[in-house]
Amino acid sequence: MGEACADMGVSNVCVCVWHLPDDGYLRQFDGLKRVAWCVDNGYLKIHLKEDDYPKRLAAAFDRLGKLPNLMGFEYDDFFNGHSAERIVRDRLEDGTEVEVLKGPRDLAELRRVRARMRAYGRPLDMRLVLYTEELKYGKALLPVVDVFDTVTLWTWTGSNLAGLRDRFREYRRLVGPAKRTFLGIYMWDFGGKKPIGEANMKAQLDFALELFRAGQVQGFVFHCTPLVNKGLPEVGMVRRWIAEHGDEKQAEGAADGSSGRMVAPGGH
């Protein structure tokens, strides 16, 4: 991952691995500015045949003392893998009962992690992976979204990218203008199981830059590092786009009131 980030010209990475790596594995991230670590996944029980979450979470907190550039934890594919029972009842912090789209962790567990992160000695970012295809659940997403500091918003299937502008507008209507958001940008059509295509790649990048300049997103996550050395033209497009726009800054008075350097995290 570290080599892929260097190749793409990015200084940040979201690490999604489904084993518990040793300290030697961490050295590749020493030269990066920011590292986010995936602690959970909606398919975790399916992938590992057991609930490995407590060990993953404990290891992530342990890494905070070893990686000064580790700035947050990510909950990947949170709403996936729970098709049998989609909408459940849960309670907000004030005890109000609400309908929630089911994920692997209930609201109380998410709040416990958030409190522990906020009590740590440096600022930490709690991130949720959300797919535009999940926006159909509407307000049932909000109790979970509201716990997290940041959302990374993805479009899983390449054929759905034609509707990304409308879906993003729908997303902002749902979560409001202030929710910190990264746009997830696939460099391969995993939903369609084929190359994403240069036209789709260009459309994603053009829209991403438009959103960033308008202050509608604070940065991007490019998926994923295993694609970087495959000679894909779409990856080459992204590499050139990062070289051209990676240092662009968000203007003062952006839509969410923020300003800052473009964040271009590496992929998984």
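Visitor: Which residues form one aromatic cluster here?
Guide: First, a caveat: this is a predicted model, where local features need pLDDT of at least 70, side-chain atom pairs count only at pLDDT 80 or more, and totals for chains, interfaces and linings use all residues. Residues are numbered from 1 along each chain as its sequence is written, and side-chain values use heavy atoms, leaving out hydrogens and water. Rings of Phe, Tyr and Trp (its six-membered ring) pair when their centres lie within 6.5 Å, with planes under 30 degrees apart called stacked, over 60 edge-to-face and the rest tilted. The cluster is made of Tyr53, Tyr75, Phe78, Phe79 and Phe148.

Visitor: How many aromatic pairs does that rule give, and is the pair of phenylalanine 61 and phenylalanine 73 stacked or edge-to-face?
Guide: The count is 19 aromatic pairs. For phenylalanine 61 and phenylalanine 73, the ring centres are 5.0 Å apart and the planes sit at 80°, so the pair is edge-to-face.

Visitor: Which parts does that pair tie together?
Guide: Helices (H or I, at least four residues) and strands (E, at least two) are DSSP runs, numbered from the N terminus. The two phenylalanines are 12 residues apart in sequence, so their pair ties together helix 4 (residues 53-63) and strand 3 (residues 70-76).

Visitor: Is phenylalanine 73 buried or exposed?
Guide: Buried means under 20% relative accessible area, exposed over 50%, and partly exposed in between (1.4 Å probe, protein chains only). Phenylalanine 73 has 0% relative accessibility, so it counts as buried.

Visitor: Which ring does the charged end of arginine 105 sit over?
Guide: A charge sits over a ring if NZ of Lys or CZ of Arg is within 6 Å of the ring centre and within 35 degrees of the ring normal. Arginine 116 does this over phenylalanine 61, at 3.7 Å from the ring centre. For arginine 105 the distance is 3.9 Å, and the ring belongs to tyrosine 53.

Visitor: How many salt bridges does a search of the whole structure find?
Guide: The test is a side-chain nitrogen of Lys or Arg within 4 Å of a carboxyl oxygen of Asp or Glu. One of them joins aspartate 62 to lysine 66, with the closest N and O atoms 2.8 Å apart. The search total is 17.

Visitor: What is the N to O distance where glutamate 248 and arginine 213 meet?
Guide: Glutamate 248 lies in the loop between helix 9 (233-245) and strand 10 (249-250) and arginine 213 in helix 8, so the pair links parts 35 residues apart in sequence. Their salt bridge spans 2.6 Å.
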